[in-house]
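Thanks for coming, everyone. Let me put the model on the screen and walk you through it.

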Amino acid sequence: MLRVYSSHCKPNRPVLQYCLLTKRHSMFPLLLVYIAEYTINQGVAPTLLFPLQESPFRHFRAFYPTYNAIYQVGVFISRSSTPFFRIHDLYLPSFLQVFNLGLLTLHALFNFIPNVYIVFLAVFWEGLYFERDAYFCSFFGDVDQMFTDKLEPPYLPLVYPSRML
């Protein structure tokens, strides 16, 4: 076990143990985010089609790549926002991500969203706010601040268990 100490830790308590104890509550919300996000992007988004006359597209095959592009713009903004905005609690965003999954799944089944632009907004919001990487970046920034002697923080052992599930 890494035996680097920080001013934020109790005396004689390793940073890695401190991080694992304080951040382990994050594994369930991260698991929810992963399940909801991948289900939306791989399972639900390809079924979110609208009549071509009411959309900006000429072909049905243009919907899914556009959803992916909009999602990636949200992800880019999310990952770039760490210096300005940090997410310290992932429970609310993870439940909102599950709500987003439910909303888009219900639309895929019952077709109640009036136009494609609302789906564009939901997909952008998914990438922007609920993106797990925003939380990872925030978490890594918090761990960086814990290390006073500039050693490389043990990132992978802290967040990788949620990715394995």
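How many helices and how many strands make up the secondary structure of the protein? The count is 7 helices and 0 strands. Helices here are DSSP runs of H or I with at least four residues, strands are E runs of at least two, and numbering starts from the N terminus. Along the sequence the pattern reads α-α-α-α-α-α-α.

A word on ground rules. This is a predicted model, with local features needing pLDDT of at least 70, side-chain atom pairs counting only at pLDDT 80 or more, and totals for chains, interfaces and linings using all residues. Residues are numbered from 1 along each chain as its sequence is written, and side-chain values use heavy atoms, with hydrogens and water left out.

Now the overall numbers. The protein has 165 residues, and 43% of them count as buried. Buried means under 20% relative accessible area, exposed means over 50%, and partly exposed is in between, with a 1.4 Å probe and protein chains only. The accessible surface is about 9,500 Å², and carbon and sulfur atoms hold 65% of that. Those areas come from the Shrake-Rupley method with a 1.4 Å probe; for residues, only the protein chains shown count as cover. Next, contacts, meaning heavy atoms within 4.5 Å. Take those with a separation of 6 or more: 72% join residues 24 or more positions apart.

On to helix H2, residues 27–44. At 1.5 Å a residue, its 18 residues should span 26 Å, and the end C-alpha atoms sit 24 Å apart, which agrees. The expected span is 1.5 Å times one less than the number of residues. Buried residues in H2 include Leu 30, Val 33, Ile 40 and Val 44.

H2 also carries Tyr 34 and Tyr 38, 4 residues apart, about one turn of the helix. An α-helix has 3.6 residues a turn, so residues three or four places apart point the same way. Is Tyr 34 buried or exposed? Tyr 34 is buried, at 8% relative accessibility. Tyr 38 is partly exposed, at 38%.

Aromatic pairs next. The structure holds 8 of them. The Tyr 34 and Tyr 38 rings have centres 5.7 Å apart and planes at 15°, so this pair is stacked. For the cut-offs: rings of Phe, Tyr and Trp (its six-membered ring) pair if their centres lie within 6.5 Å; planes under 30 degrees apart are stacked, over 60 edge-to-face, and the rest tilted. Ring pairs also link a cluster: Phe 50, Phe 57, Phe 60, Phe 63, Tyr 67, Tyr 117 and Phe 120.

Which residues touch the most other members of the largest nonpolar core? Phe 50, Tyr 67, Leu 104 and Val 119 do, in a core of 20 residues. H2, H3, helix H4 (91–110) and helix H5 (116–128) each give two or more residues to this core. Such a core is a set of buried Ala, Val, Leu, Ile, Met, Phe, Trp, Tyr and Cys residues joined through side-chain atoms within 4.5 Å.

Look at Val 119, in helix H5. Val 119 is buried, at 0% relative accessibility. Beyond four places in sequence, Val 119 touches Leu 48, Phe 50, Tyr 67, Leu 104 and Ile 113. With the same exclusion, Leu 104 contacts Ile 40, Val 44, Leu 48, Val 119 and Ala 122.

Last stop: Ser 78, in helix H3 (residues 63–80). Ser 78 is buried, at 2% relative accessibility. A polar atom of the Ser 78 side chain lies 3.2 Å from the backbone oxygen of Leu 128.

Key:
A polar contact is a pair of N or O atoms within 3.5 Å; within protein, one must be able to donate a hydrogen and the other to accept it, and residues adjacent in sequence count only if both atoms are side-chain atoms.
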